[in-house]
Amino acid sequence: MSLFTSSSFLLVFHVIPLLAVLLLFFTHPNVLRSSTSSSSSWTVTWNFPSSSSISRAFYSWVEVQPANGLSNETIDIVASHHEVTKLDGEEESTEDRNISSSSTTGRASVANKTVLTRLQKIERSLLKARSSIREAAAAAGDNYQQLIIRNSSSISSSKGTTLLIDADDDPDYIPRGPIYRNSKAFHRSYLEMEKLLKIYVYEEGELPIFHNGPCKSIYSSEGTFIHEMEMNQVFRTTDPNEALLYFLPFSVSMMVSYLYDAADRQNLNGIKVSVTDYINLIANKYPFWNRSLGADHFMLSCHDWGPRTSSFVPNLYHKSIRVLCNANTSEGFNPSKDASLPEINILTGETPSIGGSSPSTRTVLGFFAGHLHGYIRYLLLQQWKNKDRDLQVYEELPRGLSYQTMMKKSKFCLCPSGYEVASPRIVEAIYAECVPVLISDGYVPPFSDVLKWKSFSVMVKVKDIPNIKNILMGISQRQYLRLHRRLKQVQRHFVVNSPPKRYDVFHMILHSVWLRRLNIRIDDLDP
């Protein structure tokens, strides 16, 4: 009895535990770890995200159970922020660094394979584009030519064909010269845009307010862009998940035509309801507006009421990209996020003729003809109307004089603001090769982030209207010839083509929007 008891004791408390340990050792050797540097000889280590990572993103992780016969799970990293981050520099963010890290610690660990969302992949591609543009901006001379050749293999069109091999072999235009703020940066940015830019056009909305716009009026810039964007097969995508930008295809001009009652001039309720309902519709149907609060969405309007229409939706006004003819900084236009749209008057539906008399045959110093619209024109007409043979200013053109002919025989064309800051005379002057004289306060000219307007135009402040003749007479013939030559060079950026051609006004508008998308980073919502 005593022997049985003693044997049972040994079996239960010594032999069986020893066999269990041996079995565990041979079947799962990685679970155990011997350590000579620690008092503990049994350690299990798990991979958790660092505290700095948690401050930037929401993490979910799955504990792997190898015994269940399933493949290892992945750790999904999804940002939880709703805000849009403004990029002051090109340094990689904490999230970008953490998102690319993948490591294991210890003998027993959780599988830690990073999965990038489509948005995160887009943001990474934009990060590389920003770096490439900066590198091009800093390059000079032969270094830039080498940079073009080195990067040419990565610049491809949507069809997979190389757009640029060498600057000298490019069959199209390459930006050069003093009309640009930085021609190398612009060139590189444009190529990156051709490579990466995808725009989703919301299909919601019915004619004539949506997917439509005037193409034969002073607001033709609005209608022609909407039309070309609807028809475009290069930059437009039908997959909203791959888009960098989202276009809101409503026309303010058409809203005013169909929803505004001129008998009740203060009542804009119809326009307000139309815009707010449309934004609510896409915000409830798609995740993209709420993800960025509209920062990667853009509207386009050449009507004077474009800014006011956008104000009916606070995030549309304050966060979205607004492409506006009425680019007035005193009325809320923000050049860092909004883009200036050239006002082009196409009455026949076709681009006006381009070109004019040679500089040596232009006999009129300055010319303006236009009705009394706004305070600036009032000052101009009051000071100069029918008072000077060199500076010919008219409210109504005399019989026998042609507006186009006068522009093409004048050296300088005065382009004062009307009720709003923009004027179609600016583009008309560019077409006629008549150096534009911009008379305005608070106006941001189109494509100012790329073009150096002072190199091909004259800027006159409103307070200097009485001195306009002296200002123009003070420009030497050599300076004028330089302005005229550069004006001819800049024409291509304002020409309306159908279908669009590289570097024309349609592509310049896209590039303006592309630049503003480059300046923000958008994070995913929680899944």
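Modeller: Contact here means heavy atoms within 4.5 Å. The model is predicted, so local features need pLDDT of at least 70 and side-chain atom pairs count only at pLDDT 80 or more, while totals for chains, interfaces and linings use all residues. Residues are numbered from 1 along each chain as its sequence is written, and side-chain values use heavy atoms, with hydrogens and water left out.

Biologist: Of the contacts with a separation of 6 or more, what share comes from residues 24 or more positions apart?

Modeller: The protein has 18 helices and 16 strands, taken as DSSP runs (H or I, at least four residues, for helices; E, at least two, for strands) and numbered from the N terminus. Among its contacts with a separation of 6 or more, the share from residues 24 or more positions apart is 70%.

Biologist: What percentage of the residues is buried?

Modeller: Buried means under 20% relative accessible area, exposed over 50% and partly exposed in between, with a 1.4 Å probe and protein chains only. Of the 527 residues in the protein, the buried ones make up 49%.

Biologist: How is α6 oriented relative to α18?

Modeller: Axes are lines fitted to C-alpha atoms, for helices over the stretch in contact, and angles run from 0 to 180 degrees between N-to-C directions. Helix α6 (residues 183-196) packs on α18 at about 90°, with the axes 10 Å apart. Angles under 35 degrees count as roughly parallel, over 145 as roughly antiparallel, 65 to 115 as roughly perpendicular and the rest as oblique. Relative to α18, α6 is therefore roughly perpendicular.

Biologist: How many nonpolar residues does the contact of α7 with α18 have?

Modeller: Helix α7 (residues 220-231) meets α18 through Phe-225, Glu-228 and Met-229, against Phe-506, Ile-509 and Leu-510. Ala, Val, Leu, Ile, Met, Phe, Trp, Tyr, Cys and Pro count as nonpolar, Asp, Glu, Lys and Arg as charged, and the others, Gly among them, as polar. The contact has 1 charged residue and no polar ones, and its nonpolar count is 5.

Biologist: Which residue joins Ser-498 through a cis peptide bond?

Modeller: The bond has an omega of about 0°. The residue lies in the loop between α17 (477-490) and α18. It is Pro-499.

Biologist: Is Phe-447 buried or exposed?

Modeller: Phe-447 has a positive phi near 60°, though it is a residue other than glycine. It lies in the loop between β14 (435-439) and β15 (458-460). Because its relative accessible area is 2%, Phe-447 is buried.

Biologist: And Asn-386, buried or exposed?

Modeller: Asn-386 also is not a glycine and has a positive phi of about 55°. Its place is in the loop between α13 (375-384) and β12 (391-394). Because its relative accessibility is 55%, Asn-386 counts as exposed.

Biologist: What separates the C-alpha atoms of Ala-432 and Gln-491?

Modeller: Ala-432 lies in helix α15 (residues 425-432) and counts as buried at 1% relative accessibility. Ala-432 and Gln-491 are 59 residues apart along the chain, and their C-alpha atoms are separated by 9.5 Å.
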